[in-house]
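Subject: Structure for you to look at

Hello,

Here is the structure I promised. Please open it and keep it in view while you read my notes below.

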Amino acid sequence: MTTLGRDAALVAGLLASVLCGLALGGPAVGPADALSALAGHATPEVRTIVFALRLPRLLLALGVGAALALAGAALQTLLSNPLADPFLLGVSGGGAAAATLAYALLPAALLGAVPLAAVLGAAGTTAAVWWMARGPLGSSSTRLILAGIAANAFTSAIILAVVATAPPVRLPGALAITMGSFAAATPTAVVWLAPYLLVPTAVLAWHARDLGLLALGEESAAALGVEPGPVRQRIFLAAAALSGGAVAFAGVIGFVGLATPHLCRLVWGNDVRRLLPRVAAAGAALTALGDLVARRALSPVELPVGVITALLGVPFFVALLRRAP
Amino acid sequence: MILLESRKLCGGYGGSVAVRDVDLVVEEGTCTVILGPNGAGKSTLLRLLAGILPPTGGEVTLLGRPLPSWRRREVARRIGYLPQFVDFSFPLTVEEVVEQGRAPHLGPWRPPDPHDRAAIRRALERMELVPFARRPVRTLSGGERQRVLLARALATEPLLLLLDEPAAALDVRHQMELVAVVQELRRGGTSVVLVLHDWNLGLRLADQVLLLQGGAVVAAGRPEALLNEELFRSVFGVAVRLLAADPGPPHLVPVGVA
């Protein structure tokens, strides 16, 4: 298949995830009614369900999916290690711990700062994992996974402590952050997510060629003209903002950041400039479809989307681990 | 013309000094070989000359200008550097790695043009890598990987190449190919600085030799001036014989621990 054919398949997949998300989102409105709402002929109730409930949920899933996939791609090159993922490394956990802490403790007027807390938590954990994982010859897979275990254990402990002591009125919100789900999506959340997705994406796009060079290690990249210090800091902050933003608006969702860049590399090769937009699109489509499965698999009961991504992602991770040098 | 010069150059890692007071002048179209035992500071010296490791003392000038006053990408266009270790965790193909050699000329977004493509093609052909072009580098042997990295450095078309043990994993035929490549580069006006473990290969290639011990230069000069059993015995801790070779200069042969 040519690159054009592969891109067409990706766009078709993305469109399919959008249409399915709107048409098959739940039992209340069937596909025919949902499609007629899209065409502008439907009752106000149907329009409300499609445009006020399903559309924000779909947009949030697309945005968070793109953010997680890009965060994974950024972390993998930052650590020169293909096993890196915001969830496995505890970066999402760090964001969730800081966000639950902020949600439980901040006065109501300051709850807008929860996403910022998530980004700071994610940044702090990324720095800690970076420090733990790097040996004299870069970060070995073993060190990286062990650093992720340590970070996840620590952040889980904080989350448990918060959940155990949070004021009852804040408990459901704090719990929602720890469970990956788009059930509480609102148009406001979509608007708030935008800067956490768009600004880091612009940073990564600007440094796309540098990211490709960093995949072979810092010394090799420096020899080819990358200023490792400043570039590393910017990519690091971008990865933290993407992971933290995703956690703040949808909770902890694993393995999208691990699997999507790998799948895209298999299809489109390793040129990061070509890869980044496709990683974002594929992450968005996969997460939106994952959310659809989470909603409809055991309907009317709804599963958190994190359950679906973990069920599909863990076998993928095991396969990668077996192949790691 | 002097391409690169170091004066009283010192450097190391985390407080320990690995290179001290190295003076070096690299002229256009010459070959400099750095010899020395393990831990003598050879790789550190190369990193300092490439501007990858900031010096703790002294300075390096490129075309008469101090290295820190150049932008990193400007340096990378002029100095190609072959590191001793490269992390191949990602499944990059040979062609993708060699393409990276053009990155210093391209900036953040410009795609390779026909001139870049031709440079990549020449480098792949020169290192006999065309049949491997689509193979992931991590499936190749150590010597093949070394040729891939050398091709990447050649694709940059720099004024000066700094090669850290480029012959370490090469078989004899590819070592001879390396000799031919270095001589071609030199004829074309490109300078080469190599770290080698093979004394005789180094002495045969070099216009000047730098002998390092404990981070400092213990001897420097034209190769024939350094053909001295006692010097190599004291630096490497081995008994050495100087054997006549016909044709060509005599060979230094280690015959046992001193």
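Predicted model: local features only at pLDDT ≥ 70, side-chain atom pairs only at ≥ 80, totals over all residues.

You will find A:Leu19 in helix H1 of chain A, which covers residues 3-23. A:Leu19 also belongs to a nonpolar patch on the surface.

Now turn to chain B. Four strands make an open sheet there, in the order E2-E1-E4-E5, with antiparallel pairing. Strands E2 (16-27) and E5 (65-66) of chain B stand at the edges. Each has a single partner strand, so one side of each is left without a neighbour in the sheet. Strands of a sheet pair through backbone hydrogen bonds.

Next, the pairs. E1(B) and E4(B) are joined by five bridges and pair in the antiparallel sense. Look for B:Cys10, which faces B:Gly57 in E4(B). E4(B), residues 57-62, is linked to E5(B) by two bridges, again antiparallel. Here B:Leu62 stands opposite B:Arg65.

What lies between E4(B) and E5(B) in their hairpin? Two residues do. B:Leu63 in that turn has a positive phi of about 50 degrees.

Last, the helix of chain B that goes with the sheet. Helix H1 of chain B (residues 42-50) lies across strands E1 (2-13), E2 and E4 of chain B. This helix runs at about 125 degrees to E1(B).

Best wishes

Definitions and conventions:
Residues numbered from 1 in each chain as written. Chains lettered and ligands numbered in written order. Heavy atoms only, no water. Patch = residues over 30% accessible without salt bridge, like charges linked within 9 Å, V, L, I, M, F, W, Y side chains within 5 Å. Areas by Shrake-Rupley, 256 points an atom, 1.4 Å probe, with all protein chains shown as cover. Salt bridge = Lys/Arg side-chain N within 4 Å of Asp/Glu carboxyl O. Pairing = 2+ DSSP bridges. Contact = heavy atoms within 4.5 Å. Axes fitted to C-alpha atoms, helices over the stretch in contact; angles between N-to-C directions.
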